[in-house]
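Have a look at it first, and then we'll talk it through.

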Amino acid sequence: MKFIIIKLLTLMMLLSATAIHASTSSNAASSEDSTHKEETYQTQSFFDMIDGFLKSTGINALVNPNPNEMNSHGEAMSDFHKSWGRVIMILITFLLFYLAIAKGFEPLLLLPIGFGGLLANIPIANMAGPDGFLGIIYSMGLANQLFPILIFMGVGAMTDFGPLLSNPKTALLGGAAQFGIFGTLVGAVALAEYTSIFDFTLQQASAISIIGGADGPTSIFISTQLAPELLGAIAVASYSYMAMVPIIQPPIMRALTTDAERRIKMSTMRHVSRLEKLIFPIMVLVLAILALPEATPLIGAFMFGNFLKESGVVDRLSDTMQNALINIVTIFLGLAVGSKLAADQFLVADTLAILALGIVAFSVGTAAGIIMAKIMNLFPGSKVNPLIGSAGVSAVPMAARVSNKVGMEYDRSNMLLMHAMGPNVAGVIGSAVAAGILISLFK
Amino acid sequence: METNLVIEGLKFMGLGMVTVFLFLTILIFLMTLMSKILHKFFPEVQPNASSSSKNTQNNKKIVAAITAAIKHHRES
C-alpha cells in the first residue's frame, strides 16, 4: 500500500515539476505545503481532514482573514479589505448586475465589469493577481492601453461623420462639452489643495477629470498612463455615468433651455458625398499629426476604423471591427476593469471622491454644450436647437438619443437625432484631443 | 515655494480649452473648404436622378401595359 502511494507521489511530482520550477516563490511555498500534506496523509484522521477542508473554505477565509495574504500588487491588505470589504464589493457587483439587467444600463459593459469584480473579490483563488486569469487579461491589454485603442477602432468603424460634415459648426458644441473635463480638473486639485482628506496629484486629477468626456476608452487610456492606481474607480465611474446619460442629462437640459428654444427646428441636412466622408478621416488625422501627436494613438485608431468603413472596398474588415473585434475586446476590457474592483483598491475614500467628481464633470460638460449652443444662436445664421448641445459629451450614440427624446417631448415632429450626431462625434474627437493635451503636459 | 495646484489646474484648463477649440475651429474651416472644393471640382453624379429616370421609364412601360390590358379586357 505504502509502495503504491509513494509511486503515485513520484508520478505527480514529475508531472508538476515543470510547473513548480516556473512558479514564483509564493507558489513554491504552497506546493511545498501540499507535498507536506501528502506525506502526512496517512496519519491524518477523518476529523483532521474535515478540519483542513473547512479551513480552506471561502467562509473561513472571509471570517478569519489570512494575515499573510497579499493583494494583487503584493502589498499587505487590512483585515477589513479581506473580510467585509469583499462581501461589500460582491454586493456592489450584484447591484451592477441589477442595473445592467433590470434597468438596461450599458449591459454590454456593466455585466463583464461586474462579473470581473465578483471574481476578483473571491478570497484564496486570487484571480486578479498576476498569475490569475483576470490579472493576465489586465496585463495583456489594459496595462499597455491596447484594449481602449482596439475599442476606438471599432467605434470608428461604426461612426458616420455625415451629420457633422453636413453641418460643420456643430463641432463647436463637442468642443464646449470638454469644459467638463478641465473644469473638473480644477475641482479635483481644489479638493486636494483645500481639504486634508483627499490628496490627488495633478496626474490623478487629470485622469479623474477625463470622466467628464463621457468616453470610457479614453478614460481608461488616460488613467493607465497617468494614474493606474485609480483605474478601477475611474473606469467604473465613467461607464456607469455613460449608462446613466438618460437620467443625468434631461434635468440639466430642461433647466438651461426655454420652451421656445426646445422647439427650434433645424434646417434639413445637405447630402454629403462619399468622397467627403472618405477624405474626412485622413484630414482629421493629418491635423492631429501636425498639432497633437500625443492624441494620435486614439485618433489614429478611430480614423483607421472609419476610413475602412467609408472606403467601401473592405466590408469584411470593417464588419469584423464593428462586430467580432469590438465584442471580443469588450469582454476582455470589462473583465480587466472588473479585476480592479478588488476591495482593497475600490473601498477607499478616493473612490467616493472620484464618483462625486465624475458626476460633476459630466454635468458641467452637458451644461457647457447647451450654453455654447445658446451662444451660437446669438450670432446670425441658421439657429441651433440647444438640446443638441448636450450631445457634445461623447457617449455615442446615447447622448444624441437623449437630445432627440427630450426634443420630441416638446414637439412630436422635431427629429433631432441626426442633428445631435454631429456634436456627438465631434465630442469623441474633442475628448481625444483633450486627452492628448493632458498626456503631453506630463511628458 | 510650494506650487499652488489650483493655479496649475487653471493653467491646464486655459491651455486645454484653447487647444480643443482651436483644433475644432480649424477642423470646421477645413470641412467647409473641402466641401466647397469637392463640389466645384468633383460634382457628384446623382445616382438618384438616373435611377428615378429609369424608374419613370419603367413606370411608363408598366402604365402602357396596364392600359393595354384594360383595353383588351374591355374589348373582349
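Q: How many cavities of 30 Å³ or more does a search of the whole structure find?

A: The general idea goes like this: rolling a probe the size of a water molecule over the atoms shows where empty space is left. Keep in mind that this is a predicted model. Here, searching the whole structure turns up one cavity of 30 Å³ or more. The space in this largest cavity comes to about 130 Å³.

Q: Which residues are the closest to the centre of the largest cavity?

A: Look for R86(A), A120(A), N126(A), A342(A) and D344(A), which are the closest to the centre among the 18 residues that line the largest cavity. For the largest share of the lining, go to helix 21 of chain A, residues 343-346, which gives three residues.

Q: What classes of residue make up the lining of the largest cavity?

A: Sorted by class, the lining of the largest cavity holds eight nonpolar, seven polar and three charged residues.

Q: Now the second largest pocket: how much space lies in it?

A: The second largest pocket holds about 950 Å³ of space. It has 38 lining residues, and E106(A), V155(A), M158(A), V396(A) and P397(A) are the closest to its centre. Several helices of chain A give two or more residues to this lining, among them helix 7 (107-120), helix 9 (146-158) and helix 23 (398-410). The largest share, six residues, comes from helix 20 of chain A, which spans 315-338. By class, the lining of the second largest pocket counts 28 nonpolar, six polar and four charged residues.

Q: And where the chains meet, how many residues does the contact take from chain A and from chain B?

A: Start by counting the residues on each side: 46 come from chain A and 30 from chain B. Next, check the area: about 3200 Å² is buried between chain A and chain B, and carbon and sulfur atoms give 86% of that.

Q: What are the counts of salt bridges and of residue pairs in polar contact between chain A and chain B?

A: The salt-bridge count between the two chains is zero. For polar contact, the count is one residue pair, with both residues at pLDDT 80 or more. On the side of chain A that touches chain B, helices supplying at least two residues each include helix 12 (179-194), helix 18 (274-291) and helix 24 (417-441). The residues on that side of chain A split into 33 nonpolar, eight polar and five charged.

Note on methods:
Residues are numbered from 1 along each chain as its sequence is written. Chains are lettered from A and ligands numbered from 1 in the order in which they are written. This is a predicted model: local features need pLDDT of at least 70, side-chain atom pairs count only at pLDDT 80 or more; totals for chains, interfaces and linings use all residues. Side-chain values use heavy atoms; hydrogens and water are left out. On a 1 Å grid over the protein atoms alone, a cavity is a set of points where a 1.4 Å probe fits but cannot get out, and a pocket is an open set with protein on both sides within 12 Å along at least five of seven lines; lining residues have an atom within 4 Å of a point. Grid points are joined across faces, edges and corners, and a volume is the space filled by probe spheres set on the points. Helices (H or I, at least four residues) and strands (E, at least two) are DSSP runs, numbered from the N terminus. Ala, Val, Leu, Ile, Met, Phe, Trp, Tyr, Cys and Pro count as nonpolar, Asp, Glu, Lys and Arg as charged, and the others, Gly among them, as polar. Contact means heavy atoms within 4.5 Å. Buried area is the accessible area (1.4 Å probe) that two parts lose on being put together, summed over both. A salt bridge is a side-chain nitrogen of Lys or Arg within 4 Å of a carboxyl oxygen of Asp or Glu. A polar contact is a pair of N or O atoms within 3.5 Å; within protein, one must be able to donate a hydrogen and the other to accept it, and residues adjacent in sequence count only if both atoms are side-chain atoms.
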